[in-house]
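Please read them alongside the sequence and the coordinates.

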Amino acid sequence: MSDDLNFNDLKHAMRAATPSPDARKRAENIALAQENFDRLQGSADDTRPTSDARKPGLFRGVMIMLKSIPAKGALAASTALAAVGLVLVLPVLQEPPAPLKLRDTAKDDAVAIEEMEAPLVEPSIAPMAKSAPQRFATGLSAPEIRPMPPLSDTEAYPETDPNPLKVTAESPVSTFSVDVDTASYAVLRNSLETGTLPPKDAVRIEEMVNYFPYGYAAPSGDTPFATHLATMVTPWNPDTRLLRIALQGRLPDIAARPPLNLVFLIDTSGSMDAANKLPLLKQSFSLMLSELRPEDSVAIVTYAGSAGRVLDPTPASDRTTILAALDRLTAGGSTAGQAGLQQAYATAEAMQDGEEVSRVILATDGDFNVGLSDPDALKDYIAKKRESGTYLSVLGFGRGNLDDATMQALAQTGNGQAAYIDTLHEARKVLVDQLTGTLFPIADDVKIQVEFNPATIAEYRLIGYETRQLNREDFNNDKVDAGEIGAGHAVTALYELTPTGSPARQTDPLRYGTAPESSVSDELGFLKLRYKAPGASTSQLIETPITADLKDDTDAQFAAAIAGFGQLLTDARYLGDWGWDEAIALATEHRGDDPFGYRTEAVRLMRLAQSLADRD
């Protein structure tokens, strides 16, 4: 057949398949299209790229194909595409989505710190619907999100080196801030489940160890937490010992807890337009709402090209209104992080009216690319704001441009916790099972200082806590910020100790050094703890000797296995021939009571990491 005949056949077939024009519908659709066009002018921008690589367009392949065929064939193909596109577009034009009207602040995205301290101009609020479809009554309708692999290599993590080995006679004192964050474990799990080993800087061993619940006894009396010490033979070196220092926070009567003022500060920038970001964020917050009480209040602030409050302070019992506000959020624009923080803190301060606990919960992928993007400047601003009594917690979502370094800095400075949420299971753990610890502080600025006895301990090293190190003089300085402990939270720290006379000693005694004085005490060291009651300015001191007769337990053994896991992922210089098989066996043997399967999951991740390490 000739080309002309093929073209005529195609033309007649398309005419027969095309519905007869409806003049009324055509006029309605054109009018509606013009209305949508006018309404969307100046709204959300395209998703910003997360790497320098050029992204292929949706129809780039089609255009290349059309260029390679004859002109008549191209005309026929383009006509067919236009007909298909018309069929797809018309239903969309008939039922356009309801727009979300955000309130815009009067601040420019690039205002300086001093401008952030200026009085906030309160913008007008678009009325929020008081009713919503029935599906909002029990939760949002998005499906459960599964782990997704990173999309690019623009992620940022704190750059640290493992803590060095210390000679006791030269540096007998170790000082650090407590850490109850768990983001690192969830990030490495996400990496492993998508078939890659995590970046070494993403692995923080203390956050891995503290991810798991332990069976530590609760404190008695008025002390906000109890201290639990244990020692054991180091699994990877029989000539050294592990010292476990654990703090268990008190869990107050939940019925007597003060009301909560929560401000959800939600990143709705273009980079959040992914299944494991904004949709998962909505689902996560909907889970938390079921744990709140009627006297609690919730407000929602968003930030993208500009910041705005999309939900005024609303009683937590009005779930329909809160869930409707969440469901309407869409992603688009660049990230005006500083304007969002300003609006959120202003909202939280306005909500305070008595003894409520106020907290801003920042949910983001951490990419602050517009406005005040310098982590140090952000820390300075948040340090000033925490004095008002409003805590800041940070929840990370998604991979590809995850700025973990900024998220950690913000959470630590804001007297809050940092967590990473990659699945609804993790959202439930953080925002449901551990809600009281996440939201209700029982001790601020908690510092640990250990003085080791050079007569019994020749060397030591702290495993993890590299980003939480403090100077020795910081321990007694109440102006130095440190970590917080929430209700029911547990904190675990591990030291590897080399006894005097042990063949495991790695440093030689100094020729001109002073020999350690003999001591009648066989103590391994002396533990000091400092903490402040929430809102207090003066710290309190707790002191405990570390005796040589301490025993180990299942929790200590499992924590040691997780510490070994972290070292195998980062720096195994102290592990000798101890490897994946030994770590897996130790964790399996000491899983103990594991009602939620967290420890079983850890064993599975160890096995997966072993396979990936052998492959690489």
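1. Where is the place of Asn415? Asn415 sits in the loop between helix 12 (404-413) and strand 10 (418-421). Helices here are DSSP runs of H or I with at least four residues, strands are runs of E with at least two, and both are numbered from the N terminus. Asn415 is not a glycine, yet has a positive phi of about 60 degrees. With a relative accessibility of 9%, Asn415 counts as buried; buried means under 20% relative accessible area, exposed over 50%, and partly exposed in between, using a 1.4 Å probe and protein chains only.

2. On provenance, this is a predicted model, in which local features need pLDDT of at least 70 and side-chain atom pairs count only at pLDDT 80 or more, while totals for chains, interfaces and linings use all residues. Residues are numbered from 1 along each chain as its sequence is written, and side-chain values use heavy atoms, with hydrogens and water left out.

3. The protein chain contains 17 helices and 16 strands. Of its 616 residues, 50% count as buried. Among contacts (heavy atoms within 4.5 Å) between residues at least 6 apart in sequence, 82% join residues at least 24 apart.

4. Asp445 also has a positive phi, of about 50 degrees, although it is not a glycine. Asp445 lies in strand 11 (residues 441-452). Its relative accessibility is 10%, so Asp445 counts as buried.

5. Thr492 belongs to strand 14 (residues 490-499) and, at 1% relative accessibility, counts as buried. Leaving aside residues up to four places away in sequence, Thr492 touches Val209, Asn210, Tyr214, Tyr216, Arg244, Ile245, Ala246 and Tyr465. The C-alpha atoms of Thr492 and Tyr211 are separated by 9.8 Å, with the two residues 281 residues apart along the chain.

6. Helix 8 (residues 278-289) has 12 residues, which at 1.5 Å a residue should span 16 Å; the end C-alpha atoms are 17 Å apart, which agrees. The expected span is 1.5 Å times one less than the number of residues. Helix 8 is largely enclosed by the rest of the structure, because 10 of its 12 residues are buried. Among them are Leu278, Leu280, Leu281, Phe285, Met288 and Leu289, and also Lys282 and Gln283.

7. Helix 8 packs against helix 9 (residues 319-327) at an angle of about 170 degrees, with the axes 10 Å apart. Axes are lines fitted to C-alpha atoms, for helices over the stretch in contact, and angles run from 0 to 180 degrees between N-to-C directions. Helix 8 is therefore roughly antiparallel to helix 9 (under 35 degrees is roughly parallel, over 145 roughly antiparallel, 65 to 115 roughly perpendicular, the rest oblique). Lys282, Phe285, Ser286 and Leu289 in helix 8 meet Arg319, Ile322, Leu323, Leu326 and Asp327 in helix 9. This contact has five nonpolar, one polar and three charged residues; Ala, Val, Leu, Ile, Met, Phe, Trp, Tyr, Cys and Pro count as nonpolar, Asp, Glu, Lys and Arg as charged, and the others, Gly among them, as polar.

8. For helix 6 (residues 183-193) and helix 17 (residues 598-615), the packing angle is about 50 degrees and the axes are 10 Å apart. That makes helix 6 oblique to helix 17. The contact of helix 6 with helix 17 comprises eight nonpolar, no polar and four charged residues.
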